[in-house]
Amino acid sequence: MDGEEKLMAIISESFLKGKIVSIVDRDFSAFTYVPALRSLEKPLKDGKYVWVVSYEPLQSLFRDFRRAGLDYESYLGKNLYILDVFGSIRHIDPGIGGVFVLSGYLDDRVFILKYRTLIQDLLSELGPEEVIVLGYLESGMCRLFDNPVRTQKLLWSLREEAGIRTAGIITYIKSECPALEEFIYLYSDYVFEGLIENGLRRIIMTKGDGE
Amino acid sequence: MTLTLGIRELDEALGGVVEKSLILIHEADPRSLGKFLAFEIMRNKLDSDNLVGYFNIGTPLPALLSVMEKVGIEWKRHLHEGRLMIIDTFGSIYDVKTDLENVWYLRKPIDLDTLNGKYIKVIGAHKQRWAELGMFEGRELWGVTVSMSDYLSIFPPRATQRYIEISDLQRSRSQVYKKYPAGTNVWTYTGGDTMVLPLLYRKADYILKTESRIEDGEIKRYLHIIKAPELGDTRTLEYKFKGGRVQFL
C-alpha cells in the first residue's frame with residue numbers, strides 16, 4: 001500500500017472510530033491535504049455531518065474542494081457546515097448558506113467564547129450522533145491570532161466538552177506555522193507527513209499504529 | 001537510593017536513576033514523541049502504586065486527559081484513589097477549570113514572580129494530605145512536568161529564564177521540602193532555544209534527548225543519553241511508538 005492509499009484507509013477508519021488524523025505538509029508545495037479532502041465525499045453522501053473550520057479565505061477552500069473532486073455545493077447547509085475563521089477575523093461575510101462567520105469584536109479569547117456558543121447552538125439544533133471535523137489549513141492561525149498555540153489547543157479542547165463522537169482531520173503546513181506542530185503530534189491519533197523528495201510526492205505515516 | 005523508570009532498556013542503560021534527581025526529557029522535535037516517554041514513566045509509577053504530582057503547564061486539561069487515556073494512564077482511578085494529584089497551571093491562567101478531585105488550581109493573578117510561591121503552597125497542602133493519609137509510607141514520590149517549554153508560550157523568555165534561575169533557591173528555603181519527602185522529577189522540554197534550555201541542561205541530573213528522522217521513507221526515533229551522574233560518552237537507543245506506547249528496539 002502506498003502512502004496515499006494508507007492515508008485514505010486510515011481516514012475512513014478514523015471516521016468510524018472517532019479518531020484524529022493530521023496531515024502535516026512540510027512546505028506549501030506538497031499539497032498532501034488536497035486528496036485528503038476527497039475522503040469527505042462518502043460520509044457526506046451517507047448523510048453524516050461535516051463541520052469545516054477554515055483558516056484560509058473561503059474561495060481557497062472551495063477551490064481545493066473542487067480540485068479534490070468534492071461536490072460541496074450539494075451538501076452545503078444540509079449536512080456540510082463551514083465556520084469561516086478567516087472571514088470572521090477579517091470581517092468579511094460571504095453571505096452563503098451553511099457558512100458561518102462570527103461577528104462583532106474578536107480577539108483570541110472572545111473568538112473561543114463565540115465559537116463555543118455557535119457549536120452549542122448548532123449541536124442542539126441538529127442533534128447529531130457524530131460529527132466529522134475538518135481543520136482546513138490550521139497553519140493560517142499564525143496569521144489570524146495573537147497566540148495561535150493557545151487558541152489551537154483551546155479549540156480542540158472544545159471537542160472533549162461536546163459530548164458526542166467526533167472524528168477529526170487536521171490539515172497544516174508546517175513551514176507557515178511551526179509552533180502548532182507540537183500539539184498536533186501530542187493530540188492526534190495518526191499523523192501523516194507529505195513532502196516532495198527527488199521530484200517524487202511522498203506521504204509517510206509518522207505517528208500511529210502501522211508507522 | 002536508586003529507582004527504576006519502569007522501562008527495561010532505559011533502566012539497563014542508566015543503571016536506574018538516583019532518588020530525588022531531575023530527569024530532563026528534551027524532545028528536540030515534536031515528532032520524536034519524547035513526551036510519551038514521560039507518560040510511560042508516569043503510567044508505570046502509578047500502576048505500581050507510587051505517588052505522582054503532575055504539573056500541567058500548557059495544555060487544556062480535557063485534551064490532556066484524553067491523551068493520557070489513550071496511552072493507558074487510568075487517571076480517573078488514580079485521582080480517585082489519591083496517588084495522583086494534578087496542578088493545572090493552564091486552567092488556572094485561562095480559567096478552564098474542572099471539578100475533578102485532587103486537581104489543584106492556582107489563585108489568580110498569576111505571573112512568574114509569584115508562580116513559584118503558589119506552586120509551593122499547593123504542593124505543601126497536598127503533601128500534608130498525603131502525610132495525613134499515611135500515603136508516603138513505602139511509596140516513591142514522582143513529579144512530572146509537561147512541558148517546561150510551554151512557559152515560553154505563556155510568559156516572555158526573560159521572565160521564564162529568571163523564574164527557572166530563582167525557583168531552585170526558593171524551593172530549597174521552603175519548609176515544605178524539609179517537612180515532607182521530596183520527589184524524583186521528570187521534566188519535558190520541546191524544541192530548542194538559547195535562553196532557557198541551557199539552564200535546564202545544567203540543572204538536570206539526567207538528560208534524555210529524543211529526535212526523529214525520516215530514513216528510507218520511514219520514521220525513525222532515537223533517544224540520546226546526554227547526561228547522567230557518571231558522565232561518559234553519549235549513548236543512543238532506538239525506539240518505536242506503537243499502540244500509544246514507547247517501545248525500545
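**Helices, contact and core**

Author: Happy to! This is a predicted model. In chain A, helix α6 (residues 108-126) and helix α8 (residues 148-162) pack with their axes 11 Å apart, at an angle of about 25 degrees.

Reader: How do α6(A) and α8(A) run, roughly parallel or roughly antiparallel to each other?

Author: Angles under 35 degrees count as roughly parallel, so α6(A) and α8(A) are roughly parallel to each other. The crossing in which α6(A) passes α8(A) is right-handed.

Reader: Nice. Which residues in α6(A) and α8(A) meet?

Author: From α6(A) you have Asp108(A), Phe111(A), Ile112(A), Tyr115(A), Arg116(A), Ile119(A) and Leu123(A); they meet Arg150(A), Thr151(A), Leu154(A), Leu155(A), Leu158(A) and Ala162(A) in α8(A). By type, the residues of this contact of α6(A) with α8(A) are nine nonpolar, one polar and three charged.

Reader: Now α8(A) and α3(B): at what angle do their axes cross?

Author: They cross at roughly 65 degrees, and the axes come within 7 Å. That makes α8(A) roughly perpendicular to α3(B). Here α8(A) passes α3(B) in a left-handed crossing.

Reader: And what makes the contact there?

Author: On α8(A), Lys153(A), Trp156(A), Ser157(A), Glu160(A) and Glu161(A); on α3(B), Pro62(B), Ala63(B) and Ser66(B). Those residues divide into three nonpolar, two polar and three charged.

Reader: Zooming out, how many residues does the contact take from chain B and from chain A?

Author: There are 19 residues from chain B and 19 residues from chain A. On the side of chain B that touches chain A, α3 (61-70) and β11 (235-242) of chain B are the elements that give two or more residues. The largest share of that side comes from α3(B), with four residues. Sorted by type, that side of chain B has 10 nonpolar, six polar and three charged residues.

Reader: Changing topic: which residues have the most contacts inside the largest nonpolar core?

Author: That core has 132 residues, and those with the most contacts inside it are Val50(A), Ile184(A), Ile23(B), Leu24(B), Ala38(B), Val144(B) and Tyr206(B). Helix α2 (residues 35-47) of chain B gives the largest share of the core, seven residues.

Reader: What does Tyr206(B) touch?

Author: Leaving out residues up to four places away in sequence, Tyr206(B) touches Leu14(B), Val17(B), Ser21(B), Ile23(B), Leu24(B), Lys227(B) and Ala228(B).

Reader: Last one: where is Tyr94(B)?

Author: Tyr94(B) is in helix α5 (residues 89-94) of chain B. With 17 other C-beta atoms within 10 Å, Tyr94(B) is partly exposed. Tyr94(B) and Pro60(B) lie 34 residues apart in sequence, yet 8.9 Å apart in space, C-alpha to C-alpha.

Methods: Residues numbered from 1 in each chain as written. Chains lettered and ligands numbered in written order. Predicted model: local features only at pLDDT ≥ 70, side-chain atom pairs only at ≥ 80, totals over all residues. Contact = placed C-beta atoms within 7 Å. Nonpolar A, V, L, I, M, F, W, Y, C, P; charged D, E, K, R; others polar. Axes fitted to C-alpha atoms, helices over the stretch in contact; angles between N-to-C directions. Parallel < 35°, antiparallel > 145°, perpendicular 65-115°, else oblique. Left-handed = near helix turned anticlockwise from the far one by under 90°. Core = buried A, V, L, I, M, F, W, Y, C linked by C-beta atoms within 7 Å. Buried ≥ 20, exposed ≤ 12 C-beta atoms within 10 Å, placed from the backbone.
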